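Here is a short note for a colleague who has not seen this structure before. Please read it with the model open.

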Amino acid sequence: MKRIFVDVREPFEYASGHVEGALNIPPRAILSGAPQLDNVDKDTELVLYCRSGSRSNTAIHLLRNLGFTNLVNGINKEQIQSKYF
């Protein structure tokens with residue numbers, strides 16, 4: 001199964017370090033319909049993270065409203081790296 005890591009922090013935070021291959025989709029982009037995910041199947045596993053897990057939790061609810069069904073709160077970069085890499 002395909003897995004996509006989504007960093008929901010702001011671009012300046014993403015630029016300071018992120019999970020390799022992660023898409024940067026900050027909250028305002030998700031509120032605009034997350035166009036970066038237009039060609040992604042709705043059942044693709046999306047593992048979201050931010051700094052504390054709060055923004056990623058909110059983003060999960062927003063993405064669920066856009067029809068995505070396989071959403072995981074990865075909490076933060078360190079948690080992602082220890083669990084998936």
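This is a predicted model: local features need pLDDT of at least 70, side-chain atom pairs count only at pLDDT 80 or more; totals for chains, interfaces and linings use all residues.

The points below go from the sheet to the helices, the cores, the salt bridges and a few single residues.

1. Four of them form an open sheet, in the order 2-1-3-4, and the pairing is parallel. Strand 2 (23–24) and strand 4 are the edge strands, each pairing on one side only. As background, strands of a sheet pair through backbone hydrogen bonds, either parallel or antiparallel.

2. **Strand 3 and its partners.** Strand 1 and strand 3 run parallel and are joined by five bridges. One place to look is R3, which stands opposite E45 in strand 3. Five bridges also join strand 3 to strand 4, again in the parallel sense. On that side, L46 faces L71 in strand 4. Y49 has I75 in strand 4 as its bridge partner.

3. **Cover on strand 3.** How many residues of strand 3 are buried? The count is six of its six residues, and the strand is mostly covered.

4. Helix 3 lies across strand 3 and strand 4, and runs at about 145° to strand 3. Helix 4 (residues 77–84) packs on the sheet too, where it touches strand 1, strand 3 and strand 4. The direction of helix 4 makes about 115° with that of strand 4.

5. **The largest core.** The largest nonpolar core has 17 residues. L37, L46, L48 and L63 have the most contacts inside it. Strand 1, helix 2, strand 3 (45–50) and helix 3 each give two or more residues to this core. In soluble globular proteins, nonpolar side chains tend to be buried together. Leaving aside neighbours within four places in sequence, L63 is in contact with I30, A34, L37, L46, L48, F68 and L71.

6. Another core lies apart from the largest one. This other core has seven residues, among them Y14, A22, V47 and I80.

7. **Salt bridges.** The count is four salt bridges. D7 pairs with R9, with the closest N and O atoms 2.7 Å apart. Both D7 and R9 are buried. R28 pairs with E10, at 2.6 Å between the closest N and O atoms. This pair links distant parts of the chain: R28 is in helix 2 (residues 27–31), and E10 is in the loop between strand 1 (3–7) and helix 1 (11–15), 18 residues apart. E10 is partly exposed, at 24% relative accessible area.

8. **The link between helix 1 and helix 3.** E13 and R55 meet through their side chains in a salt bridge of 2.9 Å, N to O. E13 lies in helix 1 and R55 in helix 3 (residues 54–65), so the pair ties together parts that are 42 residues apart in sequence. Are E13 and R55 buried or partly exposed? E13 counts as buried because its relative accessibility is 12%, under the 20% limit. R55, at 25% relative accessible area, is partly exposed.

9. **N76.** N76 is found in strand 4 (residues 71–76). At 14% relative accessibility, N76 counts as buried. A polar atom of the N76 side chain lies 2.8 Å from the backbone nitrogen of Q79. Not counting residues up to four places away in sequence, N76 touches Y49, C50 and R51.

10. **Two backbone points to check.** Which residue in the loop between helix 2 and strand 3 deserves a look? A34 is found in that loop. A34 has a positive phi of about 50°, although it is not a glycine. A34 is also buried, with a relative accessible area of 1%. I75 is the other one: its phi is positive, about 75°, and I75 is not a glycine either. I75 is in strand 4. I75 is partly exposed, at 32% relative accessible area.

Terms used. Residues are numbered from 1 along each chain as its sequence is written. Side-chain values use heavy atoms; hydrogens and water are left out. Buried means under 20% relative accessible area, exposed over 50%, partly exposed in between (1.4 Å probe, protein chains only). Helices (H or I, at least four residues) and strands (E, at least two) are DSSP runs, numbered from the N terminus. A polar contact is a pair of N or O atoms within 3.5 Å; within protein, one must be able to donate a hydrogen and the other to accept it, and residues adjacent in sequence count only if both atoms are side-chain atoms. Contact means heavy atoms within 4.5 Å. A nonpolar core is a set of buried Ala, Val, Leu, Ile, Met, Phe, Trp, Tyr and Cys residues joined through side-chain atoms within 4.5 Å. Two strands pair if DSSP finds at least two bridges between them. Axes are lines fitted to C-alpha atoms, for helices over the stretch in contact, and angles run from 0 to 180 degrees between N-to-C directions.
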